Amino acid sequence: HGRLFDAVCQALDQYAVTISDHRHQGYCHYRASAGPVTVYRAPEPAPYAAADLEFLISAGAQQIVFVNGAGSLRADLPVGSIILPEGLHREEGTSFHYVPPGVELRTNNDLNRRILMTAGALSIELVCGRHWTTDAIYRETYAKTEQYRKQGINSVEMELSALVGVAFYRKRELSAILVVTDVLSRPHTWEGTTSAQFEEGIRQAAEVAARVFPYVV
């Protein structure tokens, strides 16, 4: 998400030393207290994002925090809320080329603890729980979203479980910070991305993401 990419770069400008600034091309390199950090704007949907993650891992990426927008399945999780996904329900095709169907994918526990600690130090609330990834956006039907909501799934987007599948296969650590763009309901609209609540969610998510690796709290 371009606005999230820009916000993370702007936040890192305050906490780390810029080594190579190519944000107009979609990446920026920093030196932080914990070592080198790169902010990279990933493509969508899942196959392209997973392919780029392969390139990043081959270039040396060890720990990855994916920052993205997501739809909420819960009326009490409105636009601008920030989600830390844990268990993943996968309905995209890419992850199954890396991890068998019987394996339940999860984001990395150690990174999740670090993200929660960073958010807590900033007094930023995160909602933890299960997440759904699908690449069939017009099959996010009302019946399916209601079924998954009842199963305790909080949110949905198009890339995360594919990226976790790549990270699992390549033995890398990956987690995510997701900002709610809209709520999947019958009066559904995309107007959430133009709201002040979404802008505030972007700002808070960027602050957390920018401090996870420098670990400035």
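Helices (DSSP runs of H or I with at least four residues) and strands (DSSP runs of E with at least two) are numbered from the N terminus. The model is predicted, so that local features need pLDDT of at least 70 and side-chain atom pairs count only at pLDDT 80 or more, while totals for chains, interfaces and linings use all residues. Residues are numbered from 1 along each chain as its sequence is written, and side-chain values use heavy atoms, with hydrogens and water left out.

**Exercise 1.** Explain why strand β5 is largely enclosed by the rest of the structure, and find which strands are joined to β5 by bridges.

*Solution.* A residue is called buried under 20% relative accessible area, exposed over 50%, and partly exposed in between (1.4 Å probe, protein chains only). Of the 217 residues in the chain, 48% are buried. In β5 (residues 82-91), seven of the 10 residues are buried, so the strand is largely enclosed by the rest of the structure. For the pairing, recall that two strands pair if DSSP finds at least two bridges between them. Strand β6 (residues 127-134) runs parallel to β5 and is joined to it by seven bridges, with Trp-132 of β6 as the bridge partner of His-89. Strand β8 (residues 173-183) runs antiparallel to β5, with two bridges between them, and here Ile-82 stands opposite Val-179 of β8.

**Exercise 2.** Determine which residues of helix α5 are buried, and what covers them.

*Solution.* The buried residues of α5 are Leu-160, Ser-161, Ala-162, Leu-163, Val-164, Gly-165, Val-166 and Ala-167. Since these are eight of the 11 residues of the helix (residues 160-170), α5 is largely enclosed by the rest of the structure. A contact means heavy atoms within 4.5 Å, and the cover of these buried residues includes α2 (46-58), β4 (63-72), β5, β6, β7 (153-157) and β8. After α5 comes Lys-171, whose phi is positive, near 60°.
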